[in-house]
Each structure stands twice: as structure tokens, then as C-alpha cells.
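Work through the exercises below with the structure open. Each task is followed by its solution.

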Amino acid sequence: MKTSMKYIGCALTLAMALTACSDQFLEDKKNYGQVDASIYNYYEGALGRLYDIYSMCLPNVSGISWRYPSMGMNDDAAKSTEEYTGFSAFVNPVDELTSMSGGVSVPDYFLGTQNNIQENVWGHIRDCNDVIRGVTGSTLPESQKNEVLGQVYFFRAWIYYNLFKFYGGVPLVKEVLDPTADAFTPRASSKETYEFILNDLNTAAKMLEPFTTHGGWTNSKDWGRVTTGTALALKGRLMLLWASPLFNRSNDQNRWKNAYDAMKTDLATINSCGYGLYQTSSNINGSDFANQFVQTTKNPEAVFVVNYNTTAILTGIDDAAKNNTWERFIRPDNTGGNGYAAGLMLVQMFPMADGKLPAGLSTYTKLETSSYAYEADYPFMHRDPRFYRTFAFPGFRWAYNGNAAEHDAHNPSDGKNYTLWNYVWYTDVNDQGNPESGNSYGADNLLGSKQAIYVRKKSDDLDCHPSPSYVYNANGWKSGAGPFYSAAQLIELRYAEVLLNLAEVACGAGDMAFAVEQLKMIRARAGYTADGNYGLQANLVSDQAACMSAILYERQIELAYEGKRFDDMRRWMLYDGGAAKVDGAPSSWTLSGWGGNTCTWLGFKPFNGQRRERIEFRVADKYGVGTTQWDGDPLLKAGTVRPEGVNFSVGDMNEQLDSLKAWYQDNLVVKEGKGDGRDSQHNDLYINFRPKYYFLGLANGVQNSNKGLPQTIGWQDYNNGGAPGTFDPLAE
């Protein structure tokens, strides 16, 4: 890299490191960005620089960007999957992404804000290198050096991992470069990049062993810092990516076996750091699955985690505030949130109550279908326990500790008994059957700010978590921030994924029996039992393709709305099975493993060529139309009584759902609506993820700042007049 390396050589002025490990870990707010080497001779100074690294590198509740991975919001990554509707930049069939000026630019996950070292990927790498150099050359005792360095090596690997998964080989800047115009680091091969990240993670894991492999950090105030287990878990994710079809077109068995051997061995060490599935003795209808996301203290599930606080609402000290905004994003508008609309495709794909795929779907043809009938008008009937912790429908309780009527008197006032009533009505009968009409109005003052099916995943449900992790203040609406100030943890890598990663490499290496055992543990936490084999079909231990399909399906369900699905779909090439060719790509890019098509081998319907639609629940025709105001609900005007909301944390869930279904039958009808786009003639458009997107090209702004970096094959080279790119991410 040329121009950017010049900036990377500059001194850093960093914002205060609001790390995520505890209130104590948030205390010291000094700026350690502008320092000389002597600061590293003091343990407190070295920690201050370490806190800078945490501040810069920890994930956040945000849309995918150069700095943050996808965390489940409706960003370009998640909208390229079954989780949401609406064409993202990656699946838009009309506008092809370009690396040239003009048109729709390929997203830049490589550089960040140009000329701003604090908002730049390579500035963060430079800061890691500065700490590594400073601590290594300091007079600190060896144990203190290792404590700091182990964490910094992890974060350097974390930054590079997020580059590697999109670009393959990138420049490997291993030391602090002088700020000279001729400083240049070439683009390394993907194998070199992979091995560099792997080495950093092994180094981090080794250095942190004395501090973290006896149940985690000794001081409880350090909970949330990365550990040996964190490094090994990310190592497993990295090795899985390297063995997957995206990087392993020939299905080289050595990659699968090496990953399996390493990850199976590493599991015991990960466990020794205090990690495991979050489970309690009172798991009711999937309450353990729900509650793992809203912990504020030591949480065995949280292998790589960001902690938050409620400081803003308690003291008003802005520089101490670190709130998890997820709760205010997903809650309905009449409680103080925004609301995310779940994609109907994923709703349909969730398992039924016996753990099997709903009948009638052609998505996973090698998986057995359920004996329960999927009811299109009542999608909530007889579903996997995780379904009810992932989605919310009209008539579902979604209790919270607050009173939204303090902000708007027309909002429901009793948060502790809040039931979501988001059915809709129209003001014109001609709109009722028009799938493109959005002129509907939601009940209970939702009006135009309603969603048909809400994303509920990771929500702090008062019914199953009576001591909420948030402080609620209706005055938060005035500032535009919303009333939920949450300290719930944000988990980037949790223990369930560790098991799923291990299951996948076990299957890839041919040990399907071990892979199935990992699935059973995850399904046991969800609520399945040995009676019925945890909802798993019997042939998974003998049929590798069916087993791998089951693992990918389990990942899709267990990790829904956690920002993982896009990565899974890319690395398994699920948009086209790897069948399409990239212009200018050599023969080594042709998929020779898995029969030449991963989708065919898995029995998975390619995502390209499909559409994602929506539904909504509107009042029955007998109620007629309503008005645009809060009191315009024709159902309530007719004197219809709504039932008590379904509470999944108490009582017989099936009995409650049967009652809700009966009420729907009398009062609501399903209306199909447009999800993905249509053209100007109202013709359906279909998902089109182009094959060159599996490896991203460098955006033209990146190339303009880095004249010596070659462009990726399949993309035009901005520095060479649009000539085809020459960098091969699959060349070793």
C-alpha cells in the first residue's frame, strides 16, 4: 500500500477507549493515542493503550461497514439472505456493483475513511503494531507484557480476519511504518494472509493461557476481555472458512482434517476459560435461548462479547455512556423502538415443533419434512421453540418495564402486560387486495410505523427476564435516542457457534457421528429431547451431504439475526452453487469438489432467481375500512374483544396458540404483500448475486489512494483505465 501507508505512519490521536469489559474497565478515560515509547514502561500506560485498541476494534450494534461486522440489522449483508426483504447492493438484479467511478460502487470494507487515521482500517492495524512494538521493547515484567500483548495480537487478527473473508489476500503490515511516501506493502496471497492471522491467534492464545484458562480472568471486573478461548474460537472460524468451498474449490480433505483435529483439541481449552452453552434449570419454551443475549454479568455463552452500561440515563455523563441500542431498534414504535420486519422466507423455513423442515418447501431437499402441517395463515402454529424467541406476531406478549404512554397518551400504557397488536386496516377497499399498497395502518397507535412480522431475537423479554438489563425513560424520545438504555451484552461469537463450527469441520472430515453430537447439544438447549432424536433424522451419521445440509440449516436457525448468514452463504456459494464463472478467472476457480455444485450436492435451492415476499394480517372484510388516526381501528370500533396475549414463559403454549388461531380465524385475514422489488411495469424482479461478489473488488477510492495494489480478478482496475483485475485470491 502506498498513499494509505503514508497516513498509517502518522501519529494517532485516539478517542477515549470505552472498552466493554466492566464499569471499572470504563473508568480511566485518558487519551493514550499521542504517546512516546516511555509510556509502555508503565503497566497503567500499557493498559491505556490496550484500552484504545478495545475502543477501536470491538464490534458494535451497527450496519456492516469497514469497521463493524454485520450484527443482524437490516444492512446489506442481512438483506442478502432470507432474513429480510428488499434488494441489497449485493443481490440487486438491476444495478451491478462497480469498482469504477459512476454507477453503484462496491462497498469499501478495505480502507474506511480516507485520510483519517482514526477512521481507517490500516490506522487500527498501525495502532496494534505500535502497542506490540512498544510493549515488546518495554521494561515491563514478562507476565505483564504477555497479558497486554495477547489481547492486542487477538485484535490484530480480528481486523485481518474481517478483511480476509471479503478480499482474500491483503497487505500484511507487521510493524509500524515510517510516514514516508515510498512506504509500500504489497498484497499478500490468501494463504499468506490466512497463515498470518492463524499465527496471531495462536500467539494470543498462548500468551493469555496463564491468565484465562482457569475459568477466565481472575478478577470479575475483567469479564468481557478476550481470552485464550476467544482466540481459539476465532481460530476455528478462520480454519472453517479456509476449508469451505469459497477458498477450497477442490474440497482438499487435508484442510478439513487439519481444522477438525485442531478445533477438537482446542475445545477443551475453550471450555477451561469458562465457556459453555448458557443453560439454567428453568428452561421454559426456549427461555434459556432468549435469556443468553440479555446478560450483564459473566455469561458462558459469550466467547467474544461487548459489554454495555446504562450510564447515560443514570448520570447523563456522555463520555461514560455505552448503551446497547438493539432493544430500541427492534421494539415496536408504540413502545419506543423502530421495529425490524422479518422476512417471510425465513419464517417459513424455521423448523416445526418436531424439529423437521416444514413440508412443501424445496429449500433443503435432503432433509426430512415435518409431520406437522405448515399453516400459511397461522405461521406460528407448532414451531420450534426458538421460533417464538425470534419472531413476534399480532397477539404475542412482548412485555417490558416501562410506560410508553408517558411519551404519547395514545400508546399502550402498561408495559408489563404489553401485547403486540400490529394487525392493520385500510382506508380504501381498493387497497386491501393490492400487494403493492402500503396504505395500511397498524393498531394501538402503530399506524404507519408498523411491521407485519417483527424480529424479536435478542430482545429483553420481561416475561422470562424479570430483571431487565435496560433503564426505560420515555423522555429519551425527545433526544431521538429512544427510551431503552440497555446494558445487554452484544455477542459476536458465542459458544453455540463454536459447536456448530466444530460440527461442520467434523462432517467435512468424514466424522458425521461427532458432528451430530454437537447438533444434539444445541437442540437440547432449544428444548428437544432424546425422545425423537432431538428432531434430527437418522441418516445424518451416514450421509455426508445430508449431515452438512443439516448443519447449515441449524446454523441458519440458531444464529438468525446475528449477522452470520451472509458469511455462510458466501463461503458455501449458496447463491449459485459455484456454477457461474467469473470473467478472467483461471481454471483453478472452477469448483471441482462437491460434484461441481455445492447447492446440488447439499440439496439446497440456489438463492439466485428467488424472491422474498411479505405478508400482513389485516382486519377481516366484515369490519370494513378505518381511518388514519389512532382511534380508527374498525375492529375495536365494532366492539370486538381481543384475547390475552400469548405468554410463552408460562402455561401451555399450545393451548394459548390454539386460542389465538381461533381468534385470527374470526377476525383477521392474511394479505400477501410485495417484498423484493419490481420494475416500472410492476413485473417481479429476482435475486441476482453475481459470481464476482464472492471476492470483493477494491473500490475506486481505495485504488486511487493505493496506486500499487492490484485489483481482484473479475473487477475493473481503476488505476489501469478499467482493465481486468489481476489479483487471484485463490492463488497460493
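**Exercise 1.** Find the residue with a positive phi that follows α7, and give its phi.

Solution. In this predicted model, Gly274 comes after α7, and its phi is near 95 degrees. At the other end of the helix, a side-chain oxygen of Asp252 lies within 2.9 Å of the backbone nitrogen of Asn254.

**Exercise 2.** Which residues of α7 are buried, and what covers them?

Solution. The buried residues are Arg255, Trp256, Ala259, Tyr260, Ala262, Met263, Asp266, Leu267 and Ile270. As for the spacing in such a list, an α-helix has 3.6 residues a turn, so residues three or four places apart point the same way. The cover includes α6 (228-243), α14 (495-508), α15 (512-526) and α16 (544-558).

**Exercise 3.** Repeat the length check for α16, and state how many of its residues are buried.

Solution. With 15 residues at 1.5 Å a residue, α16 should span 21 Å. The distance between its end C-alpha atoms is 21 Å, in agreement. Of the 15 residues, 14 are buried. At the start of α16, a side-chain oxygen of Asp543 comes within 3.1 Å of the backbone nitrogen of Ala545.

Note on methods. Residues are numbered from 1 along each chain as its sequence is written. This is a predicted model: local features need pLDDT of at least 70, side-chain atom pairs count only at pLDDT 80 or more; totals for chains, interfaces and linings use all residues. Side-chain values use heavy atoms; hydrogens and water are left out. Buried means under 20% relative accessible area, exposed over 50%, partly exposed in between (1.4 Å probe, protein chains only). Helices (H or I, at least four residues) and strands (E, at least two) are DSSP runs, numbered from the N terminus. Contact means heavy atoms within 4.5 Å. A polar contact is a pair of N or O atoms within 3.5 Å; within protein, one must be able to donate a hydrogen and the other to accept it, and residues adjacent in sequence count only if both atoms are side-chain atoms. The expected span of a helix is 1.5 Å times one less than its number of residues.
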